[in-house]
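The structure is shown first.

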2 protein chains.
Amino acid sequence: MVTFNSIGVVHNDVNKMSTGNYAQAESRIEINADLAPGLQGLAEFSHVVVVFHLDRIPPFDKEKQLLRNPRGMEHLAPVGVFAQRTKFRPNPIGVTPVRLVSIQGNTLIVAGLDAMDGTPVLDVKPYIPEFDRVDNVKMPDWVVTMVQGYF
Amino acid sequence: MVTFNSIGVVHNDVNKMSTGNYAQAESRIEINADLAPGLQGLAEFSHVVVVFHLDRIPPFDKEKQLLRNPRGMEHLAPVGVFAQRTKFRPNPIGVTPVRLVSIQGNTLIVAGLDAMDGTPVLDVKPYIPEFDRVDNVKMPDWVVTMVQGYF
């Protein structure tokens, strides 16, 4: 068991759970004032990885959510939660690389964050392709179909 | 403040903190037996994102760790923690995409995980390029130099 305190909070216009189309959404991430010196040098990066707590998600329901059909894929066999990007996970942690538009004081302006207004942020890391980018990825056909309708 | 329980644990030969060269390291991630059905369908993916708790890292020392020189870059101006991938962070959360070699029962065999033996795992997500991969990334020169020596 581990406890984390948020390092900041998301501000945007997203007030209900959505199922996609975050690619263009702009959010502000307000970093706690006492941690703001930790942003020094971040503006030199074009992208950051945001780690956040999906705090509006109800407690994980093992019976219903450990195995389920991906959204809109009711004709397939159920898929395990760890083979999906569903928000309904044993630990509701989001990890999303976003474009860093600008930094204003202790606030990051980012594009493409799939988080609601008020979401607690746990970490911000610079996106470094040598660590974060994978080429030659294989995934099942249902994911290929799903992501076509996502953006 | 949020509390998470681990969903599994890392097993490997890494028993001291390292500063790189994880690219080839093979690890086993043993998922808690009660959550093992959540692995259904994961074997169809070539890569997964592992979210883990860097549990051997001492509490964050704001005085010393909020702003510091990147490793081996003592000639530069200090850089903020959020502009670095250092392990010494306000919330010691690791996020690493790894190659999924195979799944044996409730154990994932993965290559490239930068975590020590015994590390608690918080989440496993399938790596999906449309969500996780960023092209045309810009980053400062010191990072370019650093990653050259990393692998």
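In this predicted model, the largest nonpolar core holds 68 residues, of which Val50(A), Val51(A), Val48(B), Val50(B) and Val51(B) touch the most other members. Chain B is superposed on chain A by a rotation of 180°, and the two copies meet through the same surface.

- Leaving aside residues up to four places away in sequence, Val50(A) is in contact with Ile29(A), Thr96(A), Val98(A), Leu113(A), Val121(A) and Val124(A).

**Relation of the chains**

- The rotation that places chain B on chain A has a shift of 0.0 Å along its axis, and the superposition gives an RMSD of 0.0 Å.
- This is the relation of a two-fold axis.
- Within chain B, Thr3(B) has the C-alpha nearest the axis, at 2.1 Å from it.
- Of the interface residues of chain B, 100% are also interface residues in chain A, so the copies meet through the same surface.

**Strands of chain B**

- Strand E4 (residues 47-53) of chain B pairs with strand E7 (residues 93-104) of chain B in the antiparallel sense, over seven bridges.
- Phe52(B) has Gly94(B), in E7(B), as its bridge partner.
- E7(B) also runs antiparallel to strand E8 (residues 107-111) of chain B, to which five bridges join it.
- Opposite Ile103(B) stands Leu108(B), a residue of E8(B).
- Two residues lie between E7(B) and E8(B), which form a hairpin.
- In the turn of this hairpin, Gly105(B) has a positive phi of about 65°.

Methods:
Residues are numbered from 1 along each chain as its sequence is written. Chains are lettered from A and ligands numbered from 1 in the order in which they are written. This is a predicted model: local features need pLDDT of at least 70, side-chain atom pairs count only at pLDDT 80 or more; totals for chains, interfaces and linings use all residues. A nonpolar core is a set of buried Ala, Val, Leu, Ile, Met, Phe, Trp, Tyr and Cys residues joined through C-beta atoms within 7 Å. A residue is buried if 20 or more other C-beta atoms lie within 10 Å of its own, exposed if 12 or fewer, and partly exposed in between; C-beta atoms are placed from the backbone. Two residues are in contact if their C-beta atoms, placed from the backbone, lie within 7 Å. Copies are superposed by least squares on the C-alpha atoms of residues with pLDDT of at least 70 in both. Two strands pair if DSSP finds at least two bridges between them. Helices (H or I, at least four residues) and strands (E, at least two) are DSSP runs, numbered from the N terminus.
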